[in-house]
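Hi everyone, thanks for coming. Let me put the structure up on the screen, and then we can walk through it together.

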Amino acid sequence: MKKLKKALMTFSWVLVFLALTIAIPPATHHFFAGDTQLMQVMIYDQGQVHRHRTGADTVQDLLQELGIPLNQMDRTNHATHSPVWEGMNLIIFREVAFGVRINGEFASAQLILPGTTVGQVLVQHQLEHDLMLLYGGDLTRYVENGEIIDFSTWDSRFYTDHEVIPYETIENHTPQVWNGRSHTRQEGVPGEHEVTTAVVIIGGEERNRAVVGSNMVSEPICEIIDIGTAPLGALADVAAPDFHYMRRVRMEATAYTAGFNCTGKHPWDPWYRITASGREVEHGVVAVDRNVIPLGTRLYVEGYGFAIAADVGGAIRGYKIDLFMECINDARRFGRRHINVWILE
């Protein structure tokens with residue numbers, strides 16, 4: 001009986017304990033289910049840092065939740081449709097406003113994506129303006145917000161100049177020309193030299209010039225002047241290149257002296273040895289028909305030498321010529337013959 005009574009009392013205390021446990025839950029287990037969905041993220045925006053707990057699903061939802069707008073050129077390190085996770089670092093790269101000067105003159109103001117290099121801006125302006133541009137700094141650096149970038153135009157031009165090369169004058173002193181006379185055997189022609197020069201122009205100003213090509217278009221041709229050294233009566237080589245004449249004629253030749261038998265004059269005659277032209281006779285003076293060869297004409301007579309038409313004779317008509325000789329024996333030996341006569345220039 002005592003054992004039964006003791007068992008009933010123990011069971012009663014168990015029931016009381018269970019009732020108290022169910023009715024009053026312990027304070028340490030009290031929580032709200034919504035807190036388990038919040039995530040902590042860090043937002044970096046133009047030097048400012050935002051620590052935020054959010055339940056947003058995507059980056060775009062997070063930005064809208066915080067009221068952070070994105071401009072057209074702004075970018076984030078995570079796509080706006082990316083999901084948000086615990087401990088996310090979200091970096092906002094803001095658009096960059098800058099200006100460009102070309103050759104010191106303001107060219108444009110622009111907005112570009114963050115992370116754009118100066119080199120990319122240079123290429124863009126080259127294409128837009130059809131210019132070659134130079135930059136004096138680091139092309140790989142990023143463009144900074146609010147800065148003005150200075151570019152300079154660059155151009156290379158080629159010029160071709162034609163230079164005149166003067167010809168040389170050669171004086172040829174020759175016995176094939178009468179002394180005191182000169183003839184241009186060969187006309188001088190200047191040469192031509194072509195020079196190509198490259199000019200570098202930076203910022204509208206010439207900075208460098210250099211010869212990049214040289215070409216001889218034509219060589220100069222020297223002038224050759226034959227200057228005579230032969231005295232009156234001297235013999236010459238009519239086949240020489242420096243023998244000059246206008247034309248050659250075939251004439252009947254005789255010889256005469258200053259004596260009475262040839263001229264009808266004695267040594268005491270004031271007109272003794274004086275020709276029709278007033279010139280005193282000497283070897284090289286010849287008589288001609290002035291209607292065929294005018295007096296004063298310079299000649300070269302075959303086998304006789306350089307001569308001048310300075311006299312006339314009663315028997316000298318047409319294509320006849322009378323050659324003066326000092327010795328009557330020489331005149332007789334010469335006799336009468338047909339010879340070539342060159343009329344000189």
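The protein chain has 19 strands and five helices, and please keep in mind that this is a predicted model. Of its 345 residues, 33% are buried. If you take the contacts between residues at least 6 apart in sequence, 64% of them join residues at least 24 apart. As for the surface, the chain exposes about 21900 Å², with carbon and sulfur atoms supplying 55% of that.

Now to the inside. Which residues touch the most other members of the largest nonpolar core? They are V286, L299, F306 and I321, in a core of 38 residues. Two or more core residues come from each of β14 (247-256), β15 (285-288), β16 (298-301), β17 (305-311), β18 (320-324), α5 (328-334) and β19 (337-343). As a general point, nonpolar side chains in soluble globular proteins tend to be buried together. Let's zoom in on I321: leaving out residues up to four places away in sequence, its contacts include V286, L299, M251 and V341.

Next, have a look at E192, in strand β11, which covers residues 191-202.

E192 has an interesting partner in H162. The two are 30 residues apart in sequence, yet their C-alpha atoms are 6.5 Å apart in space. Their side chains are joined by a polar contact of 2.6 Å. Beyond its neighbours within four places in sequence, E192 also contacts other residues, among them E163, I165, N215 and V217.

Methods:
Residues are numbered from 1 along each chain as its sequence is written. This is a predicted model: local features need pLDDT of at least 70, side-chain atom pairs count only at pLDDT 80 or more; totals for chains, interfaces and linings use all residues. Side-chain values use heavy atoms; hydrogens and water are left out. Helices (H or I, at least four residues) and strands (E, at least two) are DSSP runs, numbered from the N terminus. Buried means under 20% relative accessible area, exposed over 50%, partly exposed in between (1.4 Å probe, protein chains only). Contact means heavy atoms within 4.5 Å. Accessible areas come from the Shrake-Rupley method with a 1.4 Å probe; for residues, only the protein chains shown count as cover. A polar contact is a pair of N or O atoms within 3.5 Å; within protein, one must be able to donate a hydrogen and the other to accept it, and residues adjacent in sequence count only if both atoms are side-chain atoms. A nonpolar core is a set of buried Ala, Val, Leu, Ile, Met, Phe, Trp, Tyr and Cys residues joined through side-chain atoms within 4.5 Å.
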